[in-house]
Amino acid sequence: MPSDGTPVGAASIPLSVPFLGGNERDYVASCIDTGWVSSAGPFVDSFETALARRAGATHAVATTSGTAALHVALLLAGVEPGDEVLVSTLTFIAPANAVRYVGAQPVFVDAEPRYWQMDVDLVRAFLEHDCDVIDGVLRDSRSGRRVQALLPVDILGHPVDMDGLRALATEYGIAVIEDATEALGASYRGRPAGNLADLGCLSFNGNKIVTAGGGGAIITDSGDWADRARYLTTQAKDDPLEYVHEEVGYNYRLTNVQAALGAAQLEQLDHFVAVKRRIAAAYELAFRDIPGVTCASQAPWADSTFWLYTILVDDAVCRVDSRGLMRRLEAAAIQTRPLWQPLHRSPAHAGSRVLGGAVAERLNRQALSLPCSVGLSPEQQDRVIDEIQAALR
Ligand SMILES: *Cc1c(COP(=O)(O)O)cnc(C)c1O
């Protein structure tokens with residue numbers, strides 16, 4: 001066995017790795033040739049322009065990470081210390097952490113069982129029955145906190161049912177921030193993900209659909225918000241010559257080198273999404289008739305990116321549970337991963353309120369994300385499929 005633990009004779013198949021097959025090398029080299037390597041430069045501008053176009057929005061402001069984008073988006077939406085923000089409980093932890101950065105408290109919302117996205121009915125019930133309007137301010141009647149925003153996540157690249165959430169947000173006068181970090185290239189009723197709400201956030205870390213090495217962006221149609229995002233992400237500099245700052249800002253601007261990588265990746269987005277969908281279709285065909293296995297499904301109103309293709313394994317029916325299947329695939333040098341611990345169970349957010357929660361807990365127990373890199377060959381995918389069929393049949 002080589003020192004990394006890979007069994008000899010079986011090339012390992014990673015869960016999801018970047019595909020760097022376009023202009024990445026040329027664009028990064030041009031940063032070095034021109035000396036534009038830091039947090040300004042032509043690729044930052046062209047990357048922002050291309051992102052805004054892809055998301056069908058007027059503005060994109062590039063940031064150092066998706067988490068930084070979420071932090072600034074919450075500030076733009078007027079979230080203040082002591083407020084509450086409704087966040088998906090079944091998600092990577094970043095959006096909940098961003099809520100805490102601004103001193104607010106997450107109220108976690110369960111997933112609905114069909115598409116695994118934030119459950120609109122739970123949000124409606126909370127706003128209708130658990131909140132009061134006191135002196136024109138919407139308050140959680142149990143905690144007394146002001147409810148200021150909704151922060152749904154497009155889980156695994158499938159858009160959330162945004163029309164229902166937006167109607168509620170309009171009725172109750174609160175903002176909606178879409179965490180579209182897994183959904184660049186997806187669409188909802190024909191509209192691109194990323195610009196489905198008041199503000200959208202994207203991430204370009206190494207395992208997202210498009211990577212810049214690291215990075216993120218805020219998407220908005222508001223020129224005022226875009227200006228303010230640029231201001232807050234560059235240390236809130238009011239006089240660049242005399243270094244006068246009216247407020248505490250952040251060092252959150254993307255570098256030109258990262259933007260060069262991101263711009264080259266973004267040119268390939270359509271191809272990446274097409275490959276992800278082809279991989280998803282092949283898995284679906286292979287697994288849909290296995291009793292106890294549920295494949296990721298797509299709503300009739302959604303075009304998912306299938307960012308991480310995920311199946312559910314019901315151990316009351318199958319011979320192994322999701323973790324047993326994971327270990328068996330690991331022994332065959334195939335990397336898979338469960339979904340995140342639901343955030344209402346996370347020690348980092350202990351004491352937070354949750355609306356529902358049982359669906360997310362079941363999904364956490366049963367889910368396994370399968371290899372789905374853009375570079376996954378049909379032969380590799382067949383090997384994954386054969387191993388899983390052998391384990392489950
Ligand atoms: C990846 C991810 C983020 C944050 O991304 P970073 O760029 O790593 O900060 C935020 N939200 C979700 C749902 C993610 O999957």
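## A covered strand, its sheet and a helix

Strand S10 is mostly covered, with 5 of its 5 residues buried. Keep in mind that this is a predicted model.

**S10 and its partners**

- S10 pairs with S7 in the parallel sense, over 3 bridges.
- In that part of the sheet, Asp179 has Cys201 in S10 as its bridge partner.
- With S11, S10 pairs in the antiparallel sense, this time over 4 bridges.
- Here Leu202 has Ala217 in S11 as its bridge partner.
- In general, it's backbone hydrogen bonds that pair the strands of a sheet, either parallel or antiparallel.

**The whole sheet**

- The sheet is open, has 8 strands with mixed pairing, and runs in the order S1-S11-S10-S7-S6-S2-S3-S15.
- Which strands are at the edges? They are S1 (59-63) and S15 (353-355), each of which pairs on one side only.
- On average, neighbouring strands of this sheet are turned by 25 degrees against each other, direction ignored.
- S6 and S7 pair in the parallel sense over 2 bridges, and Ala149 stands opposite Ala175 in S7.

**Helices on the sheet**

- Helix H3 (residues 66-76) packs on the sheet and touches S1, S2 (84-88), S6, S7, S10 and S11.
- The direction of H3 makes about 165 degrees with that of S10.
- Helix H2 (residues 42-54) lies across S1, S10 (199-203) and S11 (216-220), and runs at about 130 degrees to S1.

- In H6 (residues 162-172), the buried residues include Met162, Leu165, Leu168, Ala169 and Tyr172.
- Why do these count as being on the same side of H6? Because they cover an arc of only 130 degrees around the axis.
- Thr170 and Glu171, on the other side of H6, are exposed.
- What covers the buried residues of H6? The cover includes helix H5 (120-129) along with strands S5 (137-140), S6 (147-151), S7 (175-179) and S8 (187-188).
- Just after H6 comes Gly173, which takes a positive phi of about 70 degrees.

Technical notes
Residues are numbered from 1 along each chain as its sequence is written. This is a predicted model: local features need pLDDT of at least 70, side-chain atom pairs count only at pLDDT 80 or more; totals for chains, interfaces and linings use all residues. Side-chain values use heavy atoms; hydrogens and water are left out. Buried means under 20% relative accessible area, exposed over 50%, partly exposed in between (1.4 Å probe, protein chains only). The arc is that of the directions from the helix axis to the C-beta atoms. Contact means heavy atoms within 4.5 Å. Two strands pair if DSSP finds at least two bridges between them. Axes are lines fitted to C-alpha atoms, for helices over the stretch in contact, and angles run from 0 to 180 degrees between N-to-C directions.
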